[in-house]
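Please keep the sequence and the structure in view while reading.

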Amino acid sequence: MLDIILRGANLPDGRENHDIAIADGRIAAVEPALKAEAAREIDVRGRLVTPPFVDAHFHMDSTLSLGRPRLNESGTLLEGIALWSELKPHLEVETIKARAHELCRWAIARGSLAIRSHVDICDDELLAVEALLEVKREIGPFLDLQLVAFPQDGFLRHATARENLLRALDKGVDVVGGIPHFERSMAEGARSVAELCEIAAARGLPVDMHCDETDDPLSRHVESLAYETQRLGLEGRVTGSHLTSMHSMDNYYVSKLIPLMRAARLHVVANPLINITLQGRHDSYPKRRGMTRVKELMAAGLNLAMGHDCVMDPWYSLGSHDMLEVAHMGLHVGQMTGTAEMGACFEAVTVNAARVLGLEGYGIEPGCNADLVVLQAADPIEALRLKPARLHVLRRGRVIAETPPVAATLYTGQAPSSVDFGRPD
Ligand SMILES: [Zn+2]
């Protein structure tokens with residue numbers, strides 16, 4: 001006997017009215033009109049069922065710290081970094097853990113079951129590393145948390161960053177991070193990329209760098225990242241996050257750069273909510289938008305994901321860890337309103353992001369983990385339009401979160417009527 005059957009699902013690839021059978025934490029079958037019985041059946045007719053949302057870029061050590069020790073009055077990236085430096089000396093393991101766990105609860109309720117989080121290693125006590133390694137273990141049954149050793153104050157610029165980064169990796173942090181545009185010179189930025197990639201190669205780890213998060217068209221560390229990836233044979237294991245300078249680069253140079261990135265099989269993560277608010281701050285008008293070239297990178301065959309980056313922290317006051325809000329913003333900023341383009345934005349927060357994290361058993365096929373989200377929407381485009389309720393969230397075949405369907409009751413006619421914002425028949 002099966003554990004659960006979801007009856008009548010719409011799937012992200014357009015298949016409709018399929019039954020999804022679950023046994024022993026895995027998907028046992030996906031087919032129309034399945035003749036079988038289960039301990040529980042859930043009617044999902046007309047609802048989109050998707051593998052979980054995945055956040056490929058987040059900062060779990062600073063999340064939900066909004067207002068401590070003070071608000072970011074200017075709303076800029078540099079004041080955010082300064083504010084984080086003010087907060088760091090006051091951090092404690094228990095408060096970091098409590099905030100991170102609360103964020104994970106929000107993420108689970110929103111159907112996000114995997115998050116790659118950068119963790120600042122420039123604090124010599126590595127409190128945030130300790131805290132998030134514990135959270136990773138504790139939340140593991142419900143959510144995959146992957147950690148990146150992130151030298152926020154610069155790998156070469158900050159005196160103890162190298163030693164701390166190696167210690168963090170020894171403790172079990174999963175990925176090597178970096179921030180080449182924050183080093184003291186372009187040359188040091190390039191050297192940091194080389195040395196960090198060498199550390200990753202020696203330890204067999206992936207790389208994910210904050211790279212060129214600036215409006216400077218001459219910030220070209222992604223070129224070094226692609227070069228070092230190929231030099232060290234790291235193809236497919238390296239991610240360039242943000243890459244906002246690509247927005248401002250000369251088109252001729254980009255026509256050379258993108259094929260180099262493709263050859264290195266770089267993954268790219270854009271963070272639309274943050275890029276649209278933090279970049280272009282030195283411009284008057286016309287004002288640059290600062291998101292990397294999402295459409296062009298996807299067209300060239302690179303794997304591109306969209307990340308949330310921040311929720312209620314020194315850099316961003318808003319958010320509730322809704323990856324559909326991220327994709328919705330990315331779609332608008334990137335002018336990706338074509339039918340296939342909208343579908344690609346949905347993939348940027350699901351399957352593409354899962355590829356960045358290297359998640360195994362992700363998808364809706366027999367044999368995959370029974371990690372699924374039932375949405376109050378008929379298809380991916382409606383999901384992007386409505387950012388709807390996550391009716392059921394399943395992890396390894398068990399329902400771990402539910403939200404009732406949202407509907408408004410109107411009293412404008414002779415009898416009450418209801419509105420759920422679905423497509424009219
Ligand atoms: Zn970031």
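The model is predicted. Helix α2 has 17 residues, and at 1.5 Å a residue these should span 24 Å; the C-alpha atoms at its ends are 24 Å apart, which agrees. The helix covers residues 93-109. Just after α2, G111 has a positive phi of about 80°.

Two packed helices are described by the angle between their axes and the distance between the axes. For α2 and helix α3 (residues 127-139), the axes come within 9 Å and cross at roughly 40°. Angles of 65 to 115 degrees count as roughly perpendicular and those under 35 degrees as roughly parallel; α2 and α3 are therefore oblique to each other. Their crossing is right-handed. On the α2 side, the contact is made by V93, I96, K97, A100, H101, C104 and I108. On the α3 side, the contact residues are L127, A128, E130, A131, L132, E134, V135, E138 and I139. By class, eleven residues of this contact are nonpolar, one is polar and four are charged.

Which residues of α2 are buried? They are I96, K97, R99, A100, L103, C104, A107 and I108. Their cover includes α3 as well as the strands β6 (53-59), β7 (112-120), β15 (390-395) and β16 (398-402).

Strand β6 contains A56. This residue counts as buried because its relative accessibility is 0%, and the cut-off for buried is under 20%. Leaving aside residues up to four places away in sequence, A56 touches R116, D208, V269, A305, M306, G307, A353, V356 and L357. E163 lies 107 residues from A56 along the chain, and the C-alpha atoms of the two are separated by 26 Å.

Methods. Residues are numbered from 1 along each chain as its sequence is written. This is a predicted model: local features need pLDDT of at least 70, side-chain atom pairs count only at pLDDT 80 or more; totals for chains, interfaces and linings use all residues. Side-chain values use heavy atoms; hydrogens and water are left out. Axes are lines fitted to C-alpha atoms, for helices over the stretch in contact, and angles run from 0 to 180 degrees between N-to-C directions. Helices (H or I, at least four residues) and strands (E, at least two) are DSSP runs, numbered from the N terminus. Angles under 35 degrees count as roughly parallel, over 145 as roughly antiparallel, 65 to 115 as roughly perpendicular and the rest as oblique. A crossing is left-handed if the near helix is turned anticlockwise from the far one by less than a right angle, and right-handed if clockwise. Contact means heavy atoms within 4.5 Å. Ala, Val, Leu, Ile, Met, Phe, Trp, Tyr, Cys and Pro count as nonpolar, Asp, Glu, Lys and Arg as charged, and the others, Gly among them, as polar. The expected span of a helix is 1.5 Å times one less than its number of residues. Buried means under 20% relative accessible area, exposed over 50%, partly exposed in between (1.4 Å probe, protein chains only).
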